[in-house]
Amino acid sequence: MNNFLKKFYYGDIPEEQSGGQYVTKEGKSDWPLWEVFIRSKQGLDHKHVGSLHAADAAMAIENARDVYTRRMEGVSIWVVESKYVHASNPDEAGSLYEPANDKVYRHPTFYQLPDEVNKM
Amino acid sequence: MKQELINYILHLADNALILGQRNAEWCGHGPVLEQDIAMTNISLDLIGQARNFYQYAASLLGEGATEDTLAYLRTEREFRNCLLVEQHNGDWGQTLLRQFLISNFQQLLYTALQTHKDRQLAAIAEKSLKEVTYHLRWSSEWVIRLGDGTRESHERMLKAIDTLWRYTGELFEPAAYETACVQDGTAVSLATIKDEWQHKTGEVFSEAGLPVPENIFMLTGGKMGKHTEQMGYILAELQYLQRAYPNAQW
């Protein structure tokens, strides 16, 4: 029982080889974690829909097809191993995001838009 | 001729239904969540294919036959599925191998059936083909993964081949109703797809490092209603509700 708790932020695990998991029951026999992005129709962006376990990229795409596109949700799938996703640190949320709170002038809401421009 | 055609359609339907029922036994028991869902999806695809075939057979039969009476109220001897689909799930490897052997067969069969003269059968084949193509891709990859995996997975695949190979001969042995339909132009001649099936199986097995058995005695009979002892148990579970509570509705 050498497992000790160590704090990692989601996906950002430098030495971890098996994806986003750190504490596992069986160690190396577990499959890595993958993040799944689905494009719902042509012309739209791929959107993050969730994550799953798979042994490699081919299996991750098939698993994503089976888990996330059962109800016609998509026309294209991207997968990326979770360990390659680097996340901002929640502890720094204050300094990262709050300075924007009182700067309303950054929003483009001070213009009169012509009616023809209806997609803003 | 009509009776032969109905038998042939029921044969196609029963293959799909019984395999779907077998696969459904994995529901909630898959090795990992993702594969549990994959297996359930395949199961639902197969049951959907069975429904299309049963509906067509029922329309030819008339006399109050429906897809439900065909699935739930026929006895074991009236089912015409081949023996392979009714075999035990065994471990994940055995289930996978069974799926691969039958998906490989169904893919070739449905591809050929699309161009045969019965338009309804051709349409069902065309619709089912997309699903079966994925089943074949998925099961091929798993056969290769496990055959070419660890020593244990390899040995389990050898055991699965040993268990299931003896039921593959029946796939290419036409029943009397099938031969009649082939002559009529409505059924696929099994001789025309056998080589390709062997070729594809050999290809996947060779990539998986698995041997293709030779000179194995083949068991047959399912297509004519003579099943292995597994079939009774499958139907007991499948048909229990309608047998115990006739005409029960949701």
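**Figure 1. Asn247(B), an exposed residue in the segment after α10 of chain B**. In this predicted model, Asn247(B) is exposed because its relative accessible area is 65%, where exposed stands for over 50%, buried for under 20% and partly exposed for the range in between, with a 1.4 Å probe and protein chains only. The place of Asn247(B) is in the segment after α10 of chain B, helices being DSSP runs of H or I with at least four residues and strands runs of E with at least two, numbered from the N terminus. Although Asn247(B) is not a glycine, its phi is positive, at about 65°. Chain B averages a pLDDT of 96, and 100% of its residues score at least 70, pLDDT being the predictor's confidence in each residue on a scale from 0 to 100.

**Figure 2. The loop between α9 and α10 of chain B, with Asn215(B)** **and Pro211(B)**. Asn215(B), which is not a glycine, has a positive phi of about 50°, and with 81% relative accessibility it counts as exposed. Pro211(B), in the loop that runs between α9 (191–208) and α10 (230–244), is partly exposed at 46% relative accessibility. Apart from neighbours within four places in sequence, Pro211(B) is in contact (heavy atoms within 4.5 Å) with Leu158(B), Ile161(B) and Phe205(B).

**Figure 3. The interface of chain A and chain B**. Here 13 residues of chain A are in contact with 13 residues of chain B, and the two chains bury about 1,200 Å² between them, 48% of it on carbon and sulfur atoms; buried area is the accessible area, with a 1.4 Å probe, that two parts lose on being put together, summed over both. On the side of chain A, Glu62(A), Arg65(A) and Asp66(A) lose the most area to chain B, together 42% of what that side buries. The model scores ipTM 0.74 and pTM 0.83.

**Figure 4. Salt bridges across the interface of chain A and chain B**. The rule, which asks for a side-chain nitrogen of Lys or Arg within 4 Å of a carboxyl oxygen of Asp or Glu, finds two salt bridges across this interface. In one of them, Arg145(B) pairs with Asp56(A), the closest N and O atoms being 2.9 Å apart. Arg137(B) forms a salt bridge with Glu62(A), with 2.8 Å between the closest N and O atoms, and this pair crosses from helix α6 (residues 119–147) of chain B to helix α1 of chain A. Arg137(B) counts as partly exposed at 42% relative accessibility, whereas Glu62(A) is buried, with a relative accessible area of 4%.

**Figure 5. Salt bridges within chain B, at Arg51(B)** **and Arg156(B)**. Glu67(B) in helix α3 (residues 67–72) and Arg51(B) in helix α2 (residues 33–61) tie together parts that are 16 residues apart in sequence, and their closest N and O atoms are 2.7 Å apart. Asp91(B) and Arg156(B) form a salt bridge at 3.3 Å between the closest N and O atoms, linking the loop between α4 (83–86) and α5 (92–113) to helix α7 (residues 151–164), 65 residues apart. Asp91(B), Glu152(B) and Arg156(B) are linked in a network of salt bridges.

**Notes to all views.** Residues are numbered from 1 along each chain as its sequence is written, and chains are lettered from A and ligands numbered from 1 in the order in which they are written. Local features need pLDDT of at least 70 and side-chain atom pairs count only at pLDDT 80 or more, while totals for chains, interfaces and linings use all residues, and side-chain values use heavy atoms, with hydrogens and water left out.
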